Protein chains: 2
Amino acid sequence: MRLILLGFGVVGQSFVKLLLSHSTDLYNEYGIKPKVVACADNGGIITCNQGLDLDRLLSVKKKKKSVVQYGSNTGTSGILDVIENMDAEVVIELTPTNITDGEPGKSHIITAMKSGKNVITVNKGPLALEFPSLMELAEYNRIEFKFSGTVGGGTPILEFAKRCLKGDRILNLEGILNGTTNYILSKMYEGLSFSQALKDASEKGYAEKDPTLDIDGYDAVAKLVIASNLVMNMKSTMSDVQRTGIRDVQATQVVNERKKGNAIKLIASCDGKKLVVAPKPVSKKDPICVDGTLNAVTFTCQHSGQQTIIGKGAGGMETASSILRDLIDIRNIIRS
Amino acid sequence: MRLILLGFGVVGQSFVKLLLSHSTDLYNEYGIKPKVVACADNGGIITCNQGLDLDRLLSVKKKKKSVVQYGSNTGTSGILDVIENMDAEVVIELTPTNITDGEPGKSHIITAMKSGKNVITVNKGPLALEFPSLMELAEYNRIEFKFSGTVGGGTPILEFAKRCLKGDRILNLEGILNGTTNYILSKMYEGLSFSQALKDASEKGYAEKDPTLDIDGYDAVAKLVIASNLVMNMKSTMSDVQRTGIRDVQATQVVNERKKGNAIKLIASCDGKKLVVAPKPVSKKDPICVDGTLNAVTFTCQHSGQQTIIGKGAGGMETASSILRDLIDIRNIIRS
């Protein structure tokens with residue numbers, strides 16, 4: 001399979017390492033012999049029709065910061081041009097999430113779809129902003145569009161709902177979709193104030209320098225939009241979600257709820273009509289009441305009842321494993 | 001699709017109710033038009049080549065105790081004879097679990113396979129006793145053999161591991177697979193003695209008159225055998241599992257562990273070599289430390305880390321929903 005890799009940060013590099021360490025398994029078990037024929041980072045794009053040497057690609061990135069230093073047997077040109085014209089079956093879009101206009105991911109994805117290429121992405125921006133139209137475009141162009149890493153990282157929350165609950169109807173989804181805020185709220189449960197907990201999260205590397213996306217609930221909103229569209233057939237975008245972040249959660253509130261056997265959690269929920277992200281008290285006995293950076297989602301189904309799935313929700317290698325799952329799926333669909 | 005239904009207790013009747021309430025969805029979404037051409041309970045078997053009237057079947061069972069009272073347009077004969085000779089695509093085996101010799105389920109399943117019929121079962125006995133040989137027989141006869149309801153009831157634990165963790169490697173599985181013992185241990189955590197907790201479980205209908213299968217760990221052992229064979233490629237049967245029940249768990253032990261932040265749980269585990277079912281202390285912060293009759297399993301994967309899935313693990317309608325899922329799967333495989 002010929003792959004175009006757009007974005008070569010932690011997740012992209014982990015994915016290439018997975019391809020290297022799993023080449024035998026991938027071929028024997030799934031008939032996949034992957035060739036990365038183009039790779040882009042913020043320095044530019046390199047292409048190689050015979051497939052890039054993946055060990056060399058990793059080492060160039062590590063030593064010289066950008067893949068464009070890869071070497072002389074490569075061509076360079078505009079990224080959209082490469083997406084459109086290069087012979088490849090799958091475009092893997094891994095540029096950073098941008099929830100303002102979805103770029104550059106959105107243009108990458110649209111160009112790939114229009115030129116008949118299957119798409120895998122872990123970039124939440126384009127989906128959170130334009131889920132319905134992107135799904136339509138994928139269908140119109142008859143390509144596969146996979147994005148399991150956008151919600152839950154390596155934890156297969158979307159596949160679980162889509163595949164394992166087949167034949168049932170999901171009536172409600174509710175969960176903790178952001179690890180950073182869950183870490184902060186868990187620390188507040190242990191007695192820290194919001195600002196102390198945020199400082200601790202930053203020191204441990206769980207919060208970004210500008211933590212707005214997490215703290216104010218945008219990241220959870222983006223994931224809720226993706227999950228509810230995919231598994232509950234909503235036709236929503238980010239602006240449809242009622243959003244409250246955790247900035248105003250008071251230490252006294254947390255203490256009061258703790259006395260009642262509850263913890264305050266940033267809960268994302270969809271009941272088939274209303275989409276909400278807001279802090280609320282959750283019983284410590286509820287399976288979704290997980291601590292630290294964990295994510296957890298409960299699906300309430302018509303027949304099989306409530307099912308909860310819990311996992312790490314982030315991490316380079318974990319998220320890379322979701323891309324591999326998507327790739328195997330696409331391979332199986334193409335072949336059948 | 002022509003179905004033979006063997007066993008018509010709570011799960012079987014719930015399944016027929018699901019077929020009735022979902023007939024439009026099943027046809028529109030999955031192209032399934034189910035016909036139950038034979039149905040057996042402990043009174044005998046009835047057959048109808050044109051398909052039994054499902055409303056009437058339910059009402060006969062309710063009013064006259066056995067389906068053999070269904071009426072005159074049916075033939076009756078030996079069950080194995082019907083399985084072998086009746087024209088049908090799927091045999092659904094729902095007789096009670098028997099972990100001594102697996103009968104009558106085992107003979108039903110083997111006869112169905114040998115006559116080229118696909119099999120769905122929620123009966124743990126045959127699989128727990130002879131997983132490797134039944135899988136071989138299914139493969140040899142090129143039929144589909146599905147049993148998602150055997151572990152977790154309506155909670156799709158097996159599908160989750162098999163489908164959602166594809167492309168990854170499960171290194172360890174560990175969990176609470178029996179709701180009755182979990183209820184008893186949860187009550188002991190709240191301060192009851194073992195015998196008080198068992199009495200409470202019986203009164204609530206969570207424990208059988210003879211609770212041996214649950215209390216002494218056999219039910220968890222059977223489920224562990226099925227799960228570890230299916231998702232970790234073990235070749236094991238019940239006798240390979242090191243088994244300790246919860247009869248000897250002392251109230252003082254439970255109290256002591258509680259002081260340390262732990263609860264004692266009946267944990268079933270497989271690390272790829274050793275299979276163990278035994279009570280052990282689990283941190284209250286561990287996602288598998290669920291209370292009441294809930295089931296929970298954590299899969300530790302090579303790349304995607306730890307994933308936990310939690311659900312009710314039992315119930316007539318919940319388990320019936322797993323049969324419907326299996327049926328949809330078989331339909332998709334047959335059609336492709």
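Strand E12 (residues 305-311) of chain A pairs with E12 of chain B in the antiparallel sense, over 5 bridges. Strands are DSSP runs (E, at least two residues) and helices likewise (H or I, at least four residues), numbered from the N terminus; two strands pair if DSSP finds at least two bridges between them. Within this pairing, B:Gln307 in E12(B) is the bridge partner of A:Gly311.

The model is predicted: local features need pLDDT of at least 70 and side-chain atom pairs count only at pLDDT 80 or more, while totals for chains, interfaces and linings use all residues. Residues are numbered from 1 along each chain as its sequence is written, with chains lettered from A and ligands numbered from 1 in the order in which they are written.

The contact (C-beta atoms, placed from the backbone, within 7 Å) takes 34 residues from chain A and 34 residues from chain B. On the side of chain B that touches chain A, two or more residues are given by each of helix H7 (157-164), strand E12 (305-311) and helix H13 (316-335). The largest share of that side, 7 residues, comes from E12(B). By class, the side of chain B that touches chain A has 12 nonpolar, 13 polar and 9 charged residues, where Ala, Val, Leu, Ile, Met, Phe, Trp, Tyr, Cys and Pro count as nonpolar, Asp, Glu, Lys and Arg as charged, and the others, Gly among them, as polar.

Chain B also has an open sheet of 6 strands with mixed pairing, in the order E3-E2-E1-E4-E5-E6. Its edge strands, each pairing on one side only, are E3 (44-47) and E6 (145-146). Strands E1 (residues 2-6) and E2 (residues 35-41) of chain B run parallel and are joined by 5 bridges. B:Leu6 stands opposite B:Ala40 in E2(B).

Key
Contact = placed C-beta atoms within 7 Å.
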